[in-house]
Every structure is written in C-alpha cells, then in structure tokens.
Amino acid sequence: MISSGQSGDMNVSEIAYEVGFNDPKYFTRCFTREFSVAPSIMMNGGKPSDEGDASIMPEDTEEPA
C-alpha cells in the first residue's frame with residue numbers, strides 16, 4: 001500500500017488502521033523492523049522529510065546562536 005502508491009492522501013496513522021493495526025506507533029515499529037525504513041520515509045519516495053528530523057542533520061553542524 002505504501003510503496004505501491006496506493007496511499008494517496010492518507011497519512012501513516014490512516015494506513016495503519018486500514019491494514020488492521022490499532023496503534024500507529026506499533027505499526028511504525030513493525031514496518032521499520034520489516035523494511036529497515038520508516039513508513040513516512042517510504043511514502044516520501046525514500047527521502048527523509050526535513051520536518052524536524054534531527055537524524056538528517058550532520059552531527060558536527062551547530063545551529064546558529
């Protein structure tokens with residue numbers, strides 16, 4: 001559903017409920033364990049979003065004072 005592009009305008013929580021999970025966080029954990037990538041990244045075509053995801057910032061980069 002996520003990788004096939006069938007998700008349309010659905011978010012991860014909606015997809016989790018659609019495929020039978022009652023807890024979107026648990027769905028994310030299971031999905032990530034199975035596919036080694038978070039569902040939100042998969043929905044972005046394999047590219048991390050820059051919406052507050054500190055993991056995409058280089059460690060040696062400091063924010064301006």
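## Starting with a serine in a loop

A residue is called exposed when its relative accessible area is over 50%, and buried when that area is under 20%, with partly exposed in between. Serine 36 has a relative accessibility of 68%, so it counts as exposed. Please keep in mind as you read that this is a predicted model.

Where does serine 36 lie? Its place is the loop between H2 and H3. Just after H2, serine 36 takes a positive phi of about 60°, although serine 36 is not a glycine.

## The chain as a whole

Now for the wider view. The chain has 3 helices and 0 strands, and reading along the sequence gives the pattern α-α-α. Of the 65 residues in the chain, 17% are buried.

## Helix H2, face by face

H2 has 12 residues, and from its first C-alpha to its last it reaches 16 Å, close to the 16 Å expected at 1.5 Å a residue. At its start, a side-chain oxygen of aspartate 23 comes to within 3.0 Å of the backbone nitrogen of lysine 25.

Which residues of H2 are buried? They are Pro24, Phe27, Cys30 and Phe31. Looking down the axis of H2, you would find these buried residues within an arc of 120°, so they line one face of the helix. They pack against H1 and H3. The face of H2 turned away from this buried side carries the exposed residues Lys25 and Arg33.

## The nonpolar core

The largest nonpolar core consists of 6 residues: Val12, Ile15, Ala16, Phe27, Phe31 and Val37. Two elements give two or more residues to this core, namely helix H1 (12-18) and helix H2 (24-35). H1 supplies the largest share, with 3 residues.

Valine 12 belongs to this core. Setting aside residues up to four places away in sequence, valine 12 touches Phe27, Thr28, Pro39, Ser40 and Met43.

The structure holds 4 aromatic pairs. In one of them, phenylalanine 21 and tyrosine 26 have ring centres 5.9 Å apart and planes at 50°, so the pair is tilted. Phenylalanine 21 is partly exposed, with a relative accessible area of 24%, and tyrosine 26 is also partly exposed, at 41% relative accessibility. Phenylalanine 31 and phenylalanine 35 form another tilted pair, with 4.7 Å from centre to centre and 45° between the planes.

Why are phenylalanine 31 and phenylalanine 35 separated by about one helical turn? The reason is that they are 4 residues apart in helix H2. Phenylalanine 31 counts as buried because its relative accessibility is 11%, while phenylalanine 35, at 48%, counts as partly exposed. Together, Phe21, Tyr26, Phe27, Phe31 and Phe35 form one aromatic cluster. Phe27 and Phe31 are also listed in the nonpolar core.

Threonine 32 is found in helix H2 and is partly exposed, with a relative accessible area of 30%. A polar atom of its side chain lies 2.8 Å from the backbone oxygen of threonine 28. Leaving aside neighbours within four places in sequence, threonine 32 is in contact with Val37, Ala38 and Pro39.

Methionine 42 sits in helix H3, which covers residues 39-43. How far apart are the C-alpha atoms of methionine 42 and threonine 32? They are separated by 9.8 Å, and the two residues are 10 residues apart along the chain.

Notes
Residues numbered from 1 in each chain as written. Predicted model: local features only at pLDDT ≥ 70, side-chain atom pairs only at ≥ 80, totals over all residues. Heavy atoms only, no water. Core = buried A, V, L, I, M, F, W, Y, C linked by side-chain atoms within 4.5 Å. Buried < 20%, exposed > 50% of the residue type's maximum accessible area, 1.4 Å probe, protein only. Contact = heavy atoms within 4.5 Å. Phe/Tyr/Trp six-rings, centres within 6.5 Å; stacked < 30°, edge-to-face > 60°. Expected span 1.5 Å × (residues − 1). Arc of directions from axis to C-beta. Polar contact = N/O pair within 3.5 Å; in protein donor to acceptor, adjacent residues only side chain to side chain.
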